[in-house]
Amino acid sequence: MFSSVQRTGEEFDDPGVVACYAHRPPYPAGLHRRLLELARGRAHALDLGCGPGKLASALAPHFRRVTAVDPSALMLRAARAAGAEHRNIEWIHGRAEDVALDGPFDLAVVGAAIHWMRPELVLPRLANALRPEAPLVLVNGDEPSDASWIEAYRAHVIRWIRLGGATPRDPSTAKPAYADWIDIQGRETFTDEVDQAIDDLIEAEHSRATWSRACMGPEAAALFDRELRELLQPHAAAGRISYRTEATLVIARPRSEPQAFQNGG
């Protein structure tokens with residue numbers, strides 16, 4: 001029906017994906033406060049893979065300077081528009097592997113984008129660009145995590161992943177590619193209650209590379225939407241649905257060499 005295999009990140013230059021990003025829920029307010037607590041200095045923050053600028057715009061009022069990097073020109077256009085009031089953000093079009101990292105940085109954040117990057121190239125660069133006490137914080141989690149309908153929702157997602165020819169992965173057991181390139185200092189979670197129109201939740205799904213309408217094709221995307229709407233409708237009030245999000249922070253220091261290499265492996 002469609003293929004969900006071999007996503008490259010080029011989907012984020014799709015105008016449809018960029019438009020759908022506006023329908024994703026915000027990160028919890030407590031997460032933003034924690035990022036500020038983790039930054040001992042407030043001179044310069046870095047947002048790698050900034051997308052539409054959710055994190056960069058939240059950090060901008062608290063830092064003298066924010067550098068936000070993304071390989072998608074369309075994403076950066078949306079980010080500039082959304083963050084136009086923040087004149088201290090420098091938006092840079094390029095890959096985290098290649099752009100000049102004009103540090104030192106007091107904080108580096110990566111929001112749901114580290115899996116698109118080559119850790120063996122990006123993380124040693126960050127190790128050199130961060131101040132000695134400054135953390136790298138990996139942020140993830142702006143999708144539904146808890147609701148009366150969550151199990152049916154997850155079953156819907158898994159079914160469609162399989163229809164696309166892929167095998168669902170369990171993130172709790174799969175070792176990420178970047179694991180050997182960071183020293184984890186802590187993990188923290190933050191929750192938020194979301195009330196959203198069903199149509200907006202469905203649009204948010206199409207901001208994710210696997211479900212981009214361009215990749216799925218119009219017929220598959222329409223069927224995906226119809227099935228998800230039918231699943232959610234019994235739980236809605238006046239066309240709106242409630243759920244909880246759970247965002248995760250992984251607080252770390254990047255490494256210049258992988259752990260296996262340093263340990264003699």
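Predicted model: local features only at pLDDT ≥ 70, side-chain atom pairs only at ≥ 80, totals over all residues.
A residue counts as exposed when its relative accessible area is over 50%, as buried when that area is under 20%, and as partly exposed in between.

Start with D98. Its relative accessibility is 51%, so D98 counts as exposed. The side chain of D98 meets that of R95 in a salt bridge, with an N to O distance of 2.4 Å. R95 has a relative accessibility of 37% and therefore counts as partly exposed. Side chains of opposite charge can pair when their charged atoms come close.

A search of the whole structure finds 20 salt bridges. One of them joins E120 and R118, whose closest N and O atoms lie 2.8 Å apart. Both partners fall in the middle class of accessibility. E120 is partly exposed because its relative accessible area is 32%. R118, at 44%, is partly exposed too.

Now follow the chain to another pair. R229 and D199 form a salt bridge, and 2.9 Å separates the closest N and O atoms. This pair links distant parts of the chain, since R229 sits in helix 9 (residues 218-232) and D199 in helix 7 (residues 198-205), 30 residues apart. R229 has 32% relative accessibility, so it counts as partly exposed. D199 is partly exposed as well, with a relative accessible area of 44%. Elsewhere, salt bridges with shared partners join R24, K54, D142 and R208 into one network.

Two packed helices are described by the angle between their axes and the distance between the axes. How do helix 7 and helix 9 cross, and at what angle? Their axes come within 10 Å and cross at roughly 140°. The crossing of helix 7 and helix 9 is right-handed.

Which residues make the contact? Helix 7 supplies I198, D199, L201, I202 and E205. Helix 9 supplies F224, D225, L228, R229 and L232. By class, the contact of helix 7 with helix 9 has six nonpolar residues, four charged and no polar.

How values were computed:
Residues numbered from 1 in each chain as written. Heavy atoms only, no water. Salt bridge = Lys/Arg side-chain N within 4 Å of Asp/Glu carboxyl O. Buried < 20%, exposed > 50% of the residue type's maximum accessible area, 1.4 Å probe, protein only. Helix = DSSP H or I, 4+ residues; strand = E, 2+ residues; numbered from the N terminus. Axes fitted to C-alpha atoms, helices over the stretch in contact; angles between N-to-C directions. Left-handed = near helix turned anticlockwise from the far one by under 90°. Contact = heavy atoms within 4.5 Å. Nonpolar A, V, L, I, M, F, W, Y, C, P; charged D, E, K, R; others polar.
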